[in-house]
Amino acid sequence: MAHVLVIGASQGIGLETVRAALAAGHRVRGFARSAGRMAVTDPGFEPFAGDALNAADVAAAVDGIDVVVQALGVPGKDLLGPVTLFSRATAVLVPAMEDAGVRRIIAVTGFGTGDSRDAIGLLQRVPFRLVLGRAYDDKDVQEMRIRRSTLDWTFVRPGILTPGSATGRYKVLAEPSSWRNGLIPRAEVAHFIVGEIAQQAYRKKAVVLVK
Ligand SMILES: NC(=O)c1ccc[n+]([C@@H]2O[C@H](COP(=O)([O-])OP(=O)(O)OC[C@H]3O[C@@H](n4cnc5c(N)ncnc54)[C@H](OP(=O)(O)O)[C@@H]3O)[C@@H](O)[C@H]2O)c1
């Protein structure tokens with residue numbers, strides 16, 4: 001069983017990952033600015049209140065950790081302004097992990113990041129750029145920073161996130177020729193992440209997740 005740090009643990013994919021990792025028997029440190037208000041009572045859970053942009057917070061959070069899950073997000077209303085959270089938080093996290101000797105990172109980015117940008121359908125390209133362009137440019141920098149590191153990484157690129165429970169029935173698209181957009185519940189993304197904590201089947205790979 002691993003000691004897992006989830007960064008962005010208080011809601012969304014991060015919170016689903018906290019729950020699924022605890023259910024799988026891992027110890028979980030949940031990092032978010034609001035971690036102190038999380039209603040997770042499992043004895044294997046340690047809330048860790050901190051800011052992903054604060055180097056001292058992040059250095060303390062990676063201490064004793066086996067696997068980091070980076071699941072940060074910005075509120076929808078902030079997507080139309082400049083987005084720098086992903087790149088800046090990654091610039092803090094990567095050296096903190098390298099200094100602490102923590103090698104494994106599973107980073108949530110999104111379909112359309114990096115080399116999956118070319119897989120966006122023609123009709124979706126303009127609305128995608130208008131709404132998500134700034135965030136995805138910043139996620140490109142996030143992925144590039146991790147690729148340049150000494151870490152063992154996996155990039156998890158979900159399609160459009162939805163509510164819903166985990167069934168384990170979803171597609172893991174690892175071949176660039178198969179990449180496409182689609183819906184995927186956050187709980188299924190967490191299911192994939194927890195499988196990857198145990199198996200490392202997609203080490204140094206980027207996968208698109210859709211139903
Ligand atoms: N929406 C979609 O359809 C879609 C599609 C593909 C990919 N994605 C990506 O999937 C990821 C997860 O999205 P989500 O909707 O599941 O999550 P989310 O609800 O946006 O949750 C974001 C998490 O990040 C934390 N966070 C934000 N800033 C932080 C900071 N400075 N320090 C520490 N923690 C911070 C938040 O906690 P605090 O606020 O308490 O700090 C929260 O736990 C995002 O990167 C999103 O872009 C989304």
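A: Ala119 counts as partly exposed, because it has 17 C-beta neighbours inside 10 Å. On this scale a residue is buried with 20 or more other C-beta atoms within 10 Å of its own, exposed with 12 or fewer, and partly exposed in between, the C-beta atoms being placed from the backbone. The model is a predicted one, in which local features need pLDDT of at least 70 and side-chain atom pairs count only at pLDDT 80 or more, while totals for chains, interfaces and linings use all residues. Residues are numbered from 1 along each chain as its sequence is written.

Ala119 lies in the loop between strand S5 (104-108) and helix H4 (122-147). Helices (H or I, at least four residues) and strands (E, at least two) are DSSP runs, numbered from the N terminus. Apart from its neighbours within four places in sequence, Ala119 is in contact with Trp179 and Arg180; contact requires C-beta atoms, placed from the backbone, within 7 Å of each other. Pro158 is 39 residues away from Ala119 along the chain, and 13 Å separates their C-alpha atoms.

Another loop, between helix H5 (186-199) and strand S10 (205-210), contains Gln200. Gln200 is not a glycine, although its phi is positive, at about 55°. With 14 other C-beta atoms within 10 Å, Gln200 is partly exposed. Lys204 is also placed in the loop between H5 and S10. Its phi is positive too, at about 60°, and Lys204 is not a glycine. Lys204 counts as exposed, because it has 11 C-beta neighbours inside 10 Å.

H5 also packs against H1, at an angle of about 50° and with the axes 8 Å apart. Such axes are lines fitted to C-alpha atoms, for helices over the stretch in contact, and the angles run from 0 to 180 degrees between N-to-C directions. H1 and H5 are therefore oblique to each other: angles under 35 degrees count as roughly parallel, over 145 as roughly antiparallel, 65 to 115 as roughly perpendicular, and the rest as oblique. The crossing of H1 and H5 is right-handed, a term used when the near helix is turned clockwise from the far one by less than a right angle, anticlockwise being left-handed. The residues that H1 brings to this contact include Gly12, Glu16 and Ala20, and those from H5 include Arg186, His191 and Ile197. By class, the contact of H1 with H5 has nine nonpolar, three polar and two charged residues. Ala, Val, Leu, Ile, Met, Phe, Trp, Tyr, Cys and Pro count as nonpolar, Asp, Glu, Lys and Arg as charged, and the others, Gly among them, as polar.

H1 (12-23) and strand S7 (160-162) each supply at least two residues of the shell around the ligand. H1 gives the most, with three residues. In total 24 residues surround the ligand, the closest being Gly8, Gly12, Ser34, Gly73 and Gly110; a residue is near if its C-beta atom, placed from the backbone, lies within 6 Å. This shell divides into 13 nonpolar, eight polar and three charged residues.

A further helix pair is H2 (residues 55-62) and H3 (residues 85-100), whose axes come within 9 Å and cross at roughly 40°. That angle makes H2 oblique to H3, and their crossing is right-handed. Ala55, Val58, Ala59 and Val62 in H2 meet Val92, Leu93, Ala96, Met97 and Ala100 in H3. The residues of this contact are nine nonpolar, no polar and no charged.

Definitions and conventions. Two residues are in contact if their C-beta atoms, placed from the backbone, lie within 7 Å.
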